[in-house]
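Dear colleague,

Please find the structure below, together with a short account of what was found in it.

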Amino acid sequence: MIKVITYGTYDLLHQGHLNLLKRAKALGDWLIVGVTNDNFDRERGKLNVCNNVLERVEAVKATGLADQIVIEDYVGQKIDDIQKYDVDIFAIGSDWEGKFDYLNEYCKVVYLPRTEGISSTMLRENLQDDIRIGIIGCGRIANRFAPESTFVSYAQVAGVYDINEETAQSFSEAHGISKVYKSPGELIEDVQAVYIATPHLSHYELCKQAILKKKHVLCETPMVLNGNEARELFRLAEENKVVLMEANKTAHSPAFNHLITMIKSGLIGDVVDVSASESKLWGERFTRELDPKQAGGSMYELGSYPLLPIIKLMGTNFTHVALYSKMEHGVDIYTRGIVQYPNGIGSFQLGLGVKTEGNLVISGTKGYAYVPSPWWLTDYYEFRFEDQNQNKKFFYKWDGSGLRYEIQEFLSCIFNHRQGTARLRSEESIAMADIMQQLGERKNVMTI
């Protein structure tokens with residue numbers, strides 16, 4: 001039996017893909033098709049893929065040409081797959097001529113002619129127009145969002161609004177944005193989607209205003225500080241058939257997603273404890289981040305990030321939450337939280353003006369995962385076991401400030417008519433808001 005293997009993204013499967021698969025199939029008796037994983041695509045800078053990996057696998061399967069389908073996850077996998085599946089021929093499109101000659105050491109390499117005049121890039125250009133995004137709030141994070149959006153296909157920042165018109169004007173000039181709006185309502189009317197990067201307490205009203213105008217919303221984390229408000233917003237988004245997504249950059253990073261997937265596959269056994277920390281030493285007392293009238297404090301400012309791995313891995317059905325906070329001038333400068341589940345525990349430490357080790361440790365019945373500080377900018381992690389010879393280390397690329405990943409997922413949801421993202425589900429955002437609400441209501445909060 002002659003085995004043939006080929007690889008591709010197979011986004012928006014078209015006749016060119018079919019022709020290539022037929023030519024590969026004709027080379028042997030058994031065709032293995034490698035489909036690139038979403039995370040692998042992002043690591044290679046491909047942020048314009050329309051279909052997710054499951055949709056692309058199903059499309060390839062539906063052709064009836066693949067005898068076997070594998071997922072391509074990492075650089076160097078082609079050699080591993082060739083050896084693992086005892087492949088005789090590696091086939092790829094002629095536009096890659098010479099790029100895979102190094103594989104001749106392991107099997108025969110064949111470059112197949114491609115179909116002229118058609119490609120996924122051309123289809124994307126014909127099928128999709130740019131999404132006009134308006135930025136509301138021109139502060140620190142928005143200044144990262146604007147340049148990051150330029151790395152994502154179809155993202156067009158069309159205008160900005162800030163309560164301070166001079167700030168908005170300076171922002172637009174710095175980032176080459178054509179229009180400054182006089183009010184958030186004027187901006188919302190004129191765009192297809194909004195990115196909300198205002199102080200926490202304004203998020204709810206701005207999200208609601210945009211959703212009711214049937215605009216897609218990407219809102220900075222924490223989206224809201226009240227679980228009931230979160231439930232209402234997600235319900236309204238569903239009723240109005242728009243995307244509402246919380247902009248938690250860690251939730252959308254390739255490394256963090258791969259970490260969660262590997263743990264859920266059982267690599268370290270059953271998860272019993274998730275412990276995460278984040279802290280910053282804030283130089284000035286009189287800032288928004290430490291102002292009780294503007295929802296300042298460590299829980300509201302930082303809590304979304306340590307809560308993320310706890311809820312992703314342990315779920316939303318916690319049975320009890322206890323918070324221990326050191327209060328100064330009306331805000332928590334330090335909070336330790338214990339989230340109790342039927343079969344495990346989540347714990348987190350947060351500090352603004354109190355410094356602690358910012359790592360992530362996930363304990364399981366077979367081993368544990370360790371992500372060093374700053375774990376929320378995940379680019380490296382380890383799996384550690386009783387037998388140290390089984391330990392594994394994983395390295396990833398973190399591009400820019402990381403916002404391009406959440407922007408790409410936001411646009412992917414819009415283009416593919418997905419109501420939300422699996423990377424941070426609506427019920428997970430709601431659960432985080434429920435826990436933050438406990439601090440505001442001083443429910444199960446012990447102060448020190």
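Which residues of helix 13 are buried? They are S304, Y305, P306, L307, L308, P309, I310, I311, K312, L313 and M314, where buried means under 20% relative accessible area with a 1.4 Å probe and protein chains only. Since 11 of the 11 residues of helix 13 (residues 304–314) are buried, this helix is largely enclosed by the rest of the structure. Just after helix 13, G315 adopts a positive phi of about 100°.

As to provenance, this is a predicted model, in which local features need pLDDT of at least 70 and side-chain atom pairs count only at pLDDT 80 or more, while totals for chains, interfaces and linings use all residues. Residues are numbered from 1 along each chain as its sequence is written, and side-chain values use heavy atoms, with hydrogens and water left out. Helices (DSSP runs of H or I, at least four residues) and strands (E, at least two) are numbered from the N terminus.

S277 lies in strand 11 (residues 271–280) and is buried, with a relative accessible area of 3%. Leaving aside neighbours within four places in sequence, S277 is in contact (heavy atoms within 4.5 Å) with P306, Q349, T356, E357, G358, N359, W375 and W376.

Yours sincerely

Conventions. Buried < 20%, exposed > 50% of the residue type's maximum accessible area, 1.4 Å probe, protein only.
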